[in-house]
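Please examine the sequence and the structure shown below.

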Amino acid sequence: MNTDKRTLNIGLFGFGCVGYGLYSVIGKTPGLKVNIKRICIRDESKERPVKLPLFTADKYKILDDPDIQVVVELIDDADAAWEITQLALRKGKAVVTANKKMLAEHMEEILELQKIHGRPVLYEGAVCASIPIIRNLEEYYDNDLLQKIEGIVNGSTNYILSKINKDNTTYLNALQEAQELGYAESNPLLDTGGFDAKYKLLILLAHAFGTIVKPEEILNIGIQNLGDLEIQFAREKGYKIKLIAQAYRNEDETVTAFVAPQFVKPHQQLYAVDDVYNGVIAESAFSENQFFYGRGAGAFPTASAVLSDISALTYQYKYEYKKMKQIHYPISTDVTLTLFVRFSQEHEKSIAGYFEKIEETYSNRNSQFIIGKMQLGKLKQLKETYPELSVIVAN
Ligand code: HSE
C-alpha cells in the first residue's frame with residue numbers, strides 16, 4: 001500500500017455492494033494516490049467477498065485517526081450516515097458520500113457544517129451513479145440560463161419498467177431481479193415509490209436552481225400502483241412508461257419539481273434509456289438540450305463516481321453552490337399537467353372533481369381511467385386522499 005506524504009488516507013464506512021466496488025476500483029487505479037487505511041463495518045462476523053485486516057467495528061478508529069483525511073461513507077442507513085458525516089466534519093475530515101436520502105434530508109445543515117468546519121462534502125455517486133451530473137451543474141451550468149432538468153434517475157425502477165415492457169416479466173419478478181443485481185435499495189419501496197428519485201431530484205435542485213426544500217414538500221408518485229390497463233394502453237399507443245424526475249423554472253421566477261411515471265414517445269430522448277441506465281436532459285436558454293446517459297446503479301458505476309470525488313479532493317475541489325448566491329427560486333405547484341388517472345368505480349365522482357378539464361374517459365368492468373388536466377397542487381391532494389391510484393403524466 002502506498003503511504004507517502006502525498007497519499008490521501010481514507011477511512012471507509014460500509015463494505016456492501018458499493019464499498020466493495022470502491023475497494024476493487026481503487027485497487028485497479030494505481031495512478032491515484034489513495035490508500036484505504038481502515039474500513040468500518042457493522043457486523044464483523046458477516047461473510048464478505050474478501051477478509052481484510054483493515055476491518056473494524058469501532059467508528060472512532062477512523063474518526064479519531066489524525067492520518068485519515070477523508071471519510072468515505074457508503075452505508076445504507078441514512079441516520080447512521082448523517083451521524084458519521086457530522087462527526088467527520090467536526091473532526092476536520094472531508095466527506096465523500098453516496099447516501100442520497102441523508103443528503104436530501106439534511107442539505108441545509110450540510111451546507112452550514114461545510115462552512116463552519118471548512119471541509120468539503122462531495123456526493124457525485126449519490127445521483128445517477130456513473131453520470132457526472134452534479135459536477136456539470138456546478139461548473140458548466142453555473143449561470144442562470146438553465147431552464148429545466150429532467151430525467152430517469154433511478155436504475156431499479158427503469159430496470160423493472162423495461163423488463164415489463166420488453167420481456168412481459170411480472171412486476172414482482174423484475175423487482176426481485178433488480179434486487180439480486182444489487183440495484184435496489186434494501187427497502188425497495190424507496191425505489192418503487194419514487195422516494196429515491198425524489199431524493200436525487202432534491203440534490204439536483206440545490207445545484208441546478210439553488211433551491212433547497214425538504215423531501216415532504218415535493219410530490220413523488222412511484223410505479224408500485226401501475227396496472228395492466230395502463231401498461232396495455234401504453235403498448236397500444238407505442239409509448240413507454242418511465243419514472244421521471246423533473247424540475248423547471250416558471251416565468252414568475254419559481255421552480256416546479258416532482259417525480260412521477262410518464263408516457264414517453266419514441267421521438268423523445270428518454271425513450272431509449274432502458275434497463276439500469278439513467279438519462280438526464282438539461283435544457284438551457286440558448287443552447288437547447290444536452291443529454292447525459294450512463295449506468296444509474298450498481299457497484300462499479302457508483303464506485304467510479306465515488307472515486308472521482310476522492311480524486312477531486314486531491315486538488316482541493318469543493319462545491320460552491322453558486323446558484324444559491326444568485327437568485328432565489330421558491331417552489332410552485334401552480335402548474336397544470338395532463339394526467340392519466342386509473343381508479344375504481346366507487347371513486348369516480350370525487351376523482352373527476354379534481355380535474356380542471358376532462359379529455360378522455362374509459363371504463364370497463366374492473367376499472368376506469370380519466371385523461372385530463374389537473375393542477376399539480378390538486379394532484380398532491382388527490383394522492384394524499386387516494387394513495388392507491390395509478391397516475392401517469394401524459395403531457
Ligand atoms: N436504488 C438506486 C437505484 C441505487 O436503483 O437507482 C442507485 O442510486
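**The ligand and its surroundings**

Lysine 200 places a polar side-chain atom 2.9 Å from an oxygen atom of the ligand; a polar contact here is a pair of N or O atoms within 3.5 Å. This is a predicted model, in which local features need pLDDT of at least 70 and side-chain atom pairs count only at pLDDT 80 or more, while totals for chains, interfaces and linings use all residues. Residues are numbered from 1 along each chain as its sequence is written, and side-chain values use heavy atoms, with hydrogens and water left out.

- A nitrogen atom of the ligand lies 2.8 Å from a polar side-chain atom of aspartate 191.
- In the side chain of asparagine 154, an N or O atom is 3.4 Å from an oxygen atom of the ligand.
- Of the 260 Å² of accessible area that the ligand has on its own, the protein covers 93% (Shrake-Rupley method, 1.4 Å probe).
- The residues surrounding the ligand (a heavy atom within 4 Å) include Lys100, Gly155, Tyr183, Glu185 and Gly296.
- Helices α6 (155–167) and α9 each supply at least two residues of this shell; helices are DSSP runs of H or I with at least four residues, strands are runs of E with at least two, and both are numbered from the N terminus.

**Domains**

- The domain assignment, which is automatic or taken from a database, gives domain 1 (8–135 + 300–318) and domain 2 (333–395).
- The C-alpha centres of domain 1 and domain 2 are 43 Å apart.

**Nonpolar cores**

- A nonpolar core is a set of buried Ala, Val, Leu, Ile, Met, Phe, Trp, Tyr and Cys residues joined through side-chain atoms within 4.5 Å; buried means under 20% relative accessible area (1.4 Å probe, protein chains only).
- The largest nonpolar core has 106 residues, and those with the most contacts inside it include Leu22, Val72, Phe209 and Ile310.
- Helix α9 (residues 195–208) gives the most to this core, with nine residues.
- Domain 1 and domain 2 each contribute at least three residues to this core.
- Apart from this core lies another, of 22 residues, among them Leu219, Leu337, Ile370 and Leu376.
- Isoleucine 310 is in contact (heavy atoms within 4.5 Å) with Leu8, Ile10, Leu22, Val34, Val72 and Val96, leaving aside its neighbours within four places in sequence.

**Helix α14**

- In helix α14 (residues 376–385), the buried residues are Leu376, Gly377, Leu379, Lys380, Leu382 and Lys383.
- Among the elements against which these buried residues pack are β10 (255–264), β13 (336–343) and β15 (368–375).
- At the start of α14, a side-chain oxygen of glutamine 375 comes within 3.2 Å of the backbone nitrogen of glycine 377.

How values were computed. Buried means under 20% relative accessible area, exposed over 50%, partly exposed in between (1.4 Å probe, protein chains only). A polar contact is a pair of N or O atoms within 3.5 Å; within protein, one must be able to donate a hydrogen and the other to accept it, and residues adjacent in sequence count only if both atoms are side-chain atoms.
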